[in-house]
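Here are a few notes to read alongside the structure, for anyone opening it for the first time. Have a look at the picture, then work through the points in order.

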Amino acid sequence: MDQLRRWMLAIAAFLAVGTALELAVEGHYESPVQAVPFVLAGLTIVLAGLGIASPNAHVRGRRIGMGLVLLGATFGVWEHLEHNAIFEQEIRPTADAFTVWSEAFFGGNPVLAPGLMLAMGLLLGASTSGLRVR
């Protein structure tokens, strides 16, 4: 079971590094709110490293980290959808709400990016499954 935990944490860390690198390449630092995914990726890397080093330690920290990452990722999904919907409304002012929101899922701000952060948070949380908080 410890081997599975380590793999989950390694994958979470790998996703965090890849996400941070891609965000940096894309210039995802134009506003303060765009720093949130960098902070969450860093948090994931630190917590994953601690969990790999000692799977039974820092359980509470990983669970809190999971909550923060999931909350931040959900906020990111909303932000991307909202910005895409606003853009769709601007280019199609007569479109109905269903059209606007369905197109928002495929707009210029990819929903998959914060979706990867959801996966990171879930992996952090799953790595604490069956462990007791001390």
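Which residues make up the largest nonpolar core?

1. Before the reply, one caution: this is a predicted model. The largest nonpolar core has 12 residues in all: Leu-9, Ala-13, Ala-16, Leu-40, Ala-41, Leu-47, Ala-48, Val-69, Ala-73, Met-117, Met-120 and Leu-124. The helices α1, α2, α3 and α5 are the elements that each give two or more residues to this core, and the largest share, 4 residues, comes from α2. As background, nonpolar side chains in soluble globular proteins tend to be buried together.

2. Let's take a closer look at α2. This helix runs over residues 36-53, so to speak 18 residues in a row. From first C-alpha to last, α2 reaches 26 Å, close to the 26 Å expected at 1.5 Å a residue.

3. Now for the sides of α2. Its buried residues are Pro-37, Leu-40, Ala-41, Thr-44, Leu-47, Ala-48 and Gly-51. Why do they sit on the same side of α2? Because they cover an arc of only 135° around the axis. Turned away from that buried side is a face with the exposed residues Val-39, Val-46 and Ala-53.

4. What do the buried residues of α2 pack against? Their partners are α1 (2-25), α3 (59-91) and α5 (112-126).

5. Next, α5. It has 15 residues and reaches 21 Å from its first C-alpha to its last, close to the 21 Å expected at 1.5 Å a residue. Buried in α5 are Ala-113, Pro-114, Met-117, Met-120, Gly-121, Leu-123, Leu-124 and Gly-125. The buried residues of α5 pack against α1, α2 and α3.

6. Finally, Arg-5, which has its place in helix α1. Is Arg-5 buried or exposed? With a relative accessibility of 7%, Arg-5 counts as buried, because the cut-off for buried is under 20%. Not counting residues up to four places away in sequence, Arg-5 touches Pro-55, Ala-126, Ser-127, Thr-128, Ser-129 and Leu-131.

Technical notes: Residues are numbered from 1 along each chain as its sequence is written. This is a predicted model: local features need pLDDT of at least 70, side-chain atom pairs count only at pLDDT 80 or more; totals for chains, interfaces and linings use all residues. Side-chain values use heavy atoms; hydrogens and water are left out. The expected span of a helix is 1.5 Å times one less than its number of residues. Buried means under 20% relative accessible area, exposed over 50%, partly exposed in between (1.4 Å probe, protein chains only). The arc is that of the directions from the helix axis to the C-beta atoms. Contact means heavy atoms within 4.5 Å. A nonpolar core is a set of buried Ala, Val, Leu, Ile, Met, Phe, Trp, Tyr and Cys residues joined through side-chain atoms within 4.5 Å.
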